[in-house]
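Please brief me on this model. Cover the charge pairs, the helix packing and the strand hairpin.

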Amino acid sequence: DAALARQQTAETRLRQVQAHAAAAAAEARRADLSDRLNRALAARQAVETAKAEAAIGPDAAALDRLRRLEATLATARALRDSTATRVSIRYLPGAENRLRHGERVMDDAAVLPIHRDTTLDLPGIGSLTIHPGEGPEGLADVAAAEEALNLALEALDLGSIDAALQAHRARTEAGARLTGAQAELDAIAPAGIEDMRRPAGQPGAE
């Protein structure tokens, strides 16, 4: 009878230990699942944020087009300046920086292309207006190139090539973040977040 009693006590204690161990294991699984679920939700938020940012700004094709338009404009300006009337000045000692074109001071021996009627200020003397006649060749080409570039920038809601470069850089960086966040999400929840929630007793909408 004593041996049977000890056996029953031992079995009771064994069941208690097993129940405690099972509860501890279940709690560990719940904690692990909760941690993975939180990390999966954070990764999904990162995916959504990066995806939205990766859709903003010019893509590589749009940036290439802007660069071609910029190069066309630079070429047109160079051709225009090559046929333009030019003005330069050589100052006498003590008379430096007397000639101005708007806010710009004409440096000694600097060459200023004149594309249209231009007035140069001579402080203390007066002003000098230069009339280049019909003007240099290529004025229409420059105007057309400027308009094409401006229209392309406006279509992208950008104000300059520099702004386009910055927006493209931000888009590229967001694309890289998107790739990393998506890889992390796939690793944590390969079957999806809803599949992770079902074992935890949390079915239904997110």
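This is a predicted model: local features need pLDDT of at least 70, side-chain atom pairs count only at pLDDT 80 or more; totals for chains, interfaces and linings use all residues.

A search of the whole structure finds four salt bridges (a side-chain nitrogen of Lys or Arg within 4 Å of a carboxyl oxygen of Asp or Glu). Residues are numbered from 1 along each chain as its sequence is written, and side-chain values use heavy atoms, with hydrogens and water left out.

**Salt bridge**
- Side chains of opposite charge can pair when their charged atoms come close.
- Arginine 39 pairs with aspartate 35 in a salt bridge; their closest N and O atoms are 3.2 Å apart.
- Both residues, arginine 39 and aspartate 35, sit in helix α1, four residues apart, or about one turn of the helix.
- Helices (H or I, at least four residues) and strands (E, at least two) are DSSP runs, numbered from the N terminus.

**α1 with α4**
- Helix α1 (residues 2–54) and helix α4 (residues 161–188) have axes that come within 8 Å and cross at roughly 155 degrees.
- That makes α1 roughly antiparallel to α4.
- Axes are lines fitted to C-alpha atoms, for helices over the stretch in contact, with angles from 0 to 180 degrees between N-to-C directions.
- Angles over 145 degrees count as roughly antiparallel, under 35 as roughly parallel, 65 to 115 as roughly perpendicular and the rest as oblique.
- The crossing of α1 and α4 is left-handed (the near helix is turned anticlockwise from the far one by less than a right angle; clockwise would be right-handed).
- Contact means heavy atoms within 4.5 Å; residues of α1 that meet α4 include Arg36, Arg39, Ala43 and Val47.
- On the α4 side, the contact residues include Arg171, Leu178, Leu185 and Ile188.
- By class, this contact of α1 with α4 has eleven nonpolar, two polar and eight charged residues.
- Ala, Val, Leu, Ile, Met, Phe, Trp, Tyr, Cys and Pro count as nonpolar, Asp, Glu, Lys and Arg as charged, and the others, Gly among them, as polar.

**α2 with α4**
- The axes of helix α2 (residues 60–82) and α4 come within 11 Å and cross at roughly 160 degrees.
- α2 and α4 are therefore roughly antiparallel.
- Their crossing is left-handed.
- Ala60, Leu63, Leu66, Arg67 and Glu70 of α2 touch Ile161, Ala164, Leu165 and His168 of α4.
- The contact of α2 with α4 has six nonpolar, one polar and two charged residues.

**α2 with α3**
- α2 packs on helix α3 (residues 139–155) at about 160 degrees, with axes 9 Å apart.
- The two helices, α2 and α3, are therefore roughly antiparallel.
- α2 passes α3 in a left-handed crossing.

**Hairpin**
- Strands β5 (residues 118–122) and β6 (residues 126–130) run antiparallel, joined by five bridges.
- Two strands pair if DSSP finds at least two bridges between them.
- Threonine 119 has threonine 129 in β6 as its bridge partner.
- Three residues separate β5 and β6 in the hairpin, and glycine 124 in the turn has a positive phi of about 85 degrees.
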